[in-house]
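Good morning, and thank you for coming.

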Amino acid sequence: MHLREAQRDMRRAYVNGGVGIFVSGLVWVIAGAVTLYVDLFSGMAALFFGGMLIHPLSLLLARRVFYRGRARAPNPMEMLALQSTAFLIIGLAIAYLVSGTYGDWFFAIALLAVGARYLVFQTVYGMRLYLILGVVLIVIAAAALWFGMAPASVAFAGGATELLCSAFILVPAKR
């Protein structure tokens, strides 16, 4: 399977990745709300455990709402997307370790990891939008670290950015 064909197959099967961005945005907003109304540790747990549900919920939405099938096997872009999950795991581990000393940095560091992963998704889906999304999330995270944004605000900013981006992808796809 050639690169463009693999990317086209990924766009077809995963609705241009829009459902994953949507679910991720919801998880970030929920984590922000939990942080705001409960506490930081509970918000961190919401992001971690909610993050584990992003892929399965995205598959469910892609199949049930958008009537998409699986990517054709073997699609090397599917393996690249899976391998890039290591960025998230490492980023969350670093965020958790750092949060023992600098608790307010957890969401910003996690957002850096998510932004870095979206840079890889530019290749997975063949869409420049992922480069823009990744850079925007990295800039939000850097600003949060630089200016000392409240953790819930960082989660809300990341989630809102993803939800807005998902609308640009999903609204045209639903037509």
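A residue is called buried when its relative accessible area is under 20%, exposed when over 50%, and partly exposed in between, using a 1.4 Å probe and protein chains only. This is a predicted model, in which local features need pLDDT of at least 70 and side-chain atom pairs pLDDT 80 or more, whereas totals for chains, interfaces and linings use all residues. Residues are numbered from 1 along each chain as its sequence is written, and side-chain values use heavy atoms, without hydrogens and water.

How many salt bridges does a search of the whole structure find? It finds one, a salt bridge being a side-chain nitrogen of Lys or Arg within 4 Å of a carboxyl oxygen of Asp or Glu. Its partners are Asp-9 and Arg-12, at 2.6 Å from N to O. Both belong to helix H1 (residues 3-13) and stand three residues apart, about one turn of the helix; helices here are DSSP runs of H or I with at least four residues, numbered from the N terminus. Asp-9 counts as buried because its relative accessibility is 4%, while Arg-12, at 34%, is partly exposed.

Let us turn to another arginine. Arg-117, in helix H6 (residues 106-125), is buried yet has no salt bridge. The nearest side chain of opposite charge (Lys and Arg count as positive, Asp and Glu as negative, and His and the chain ends are not counted) is Glu-162, 8.6 Å away. The side chain of Arg-117 does reach the backbone oxygen of Ala-81, at 2.8 Å.

Definitions and conventions. Helix = DSSP H or I, 4+ residues; strand = E, 2+ residues; numbered from the N terminus. Polar contact = N/O pair within 3.5 Å; in protein donor to acceptor, adjacent residues only side chain to side chain.
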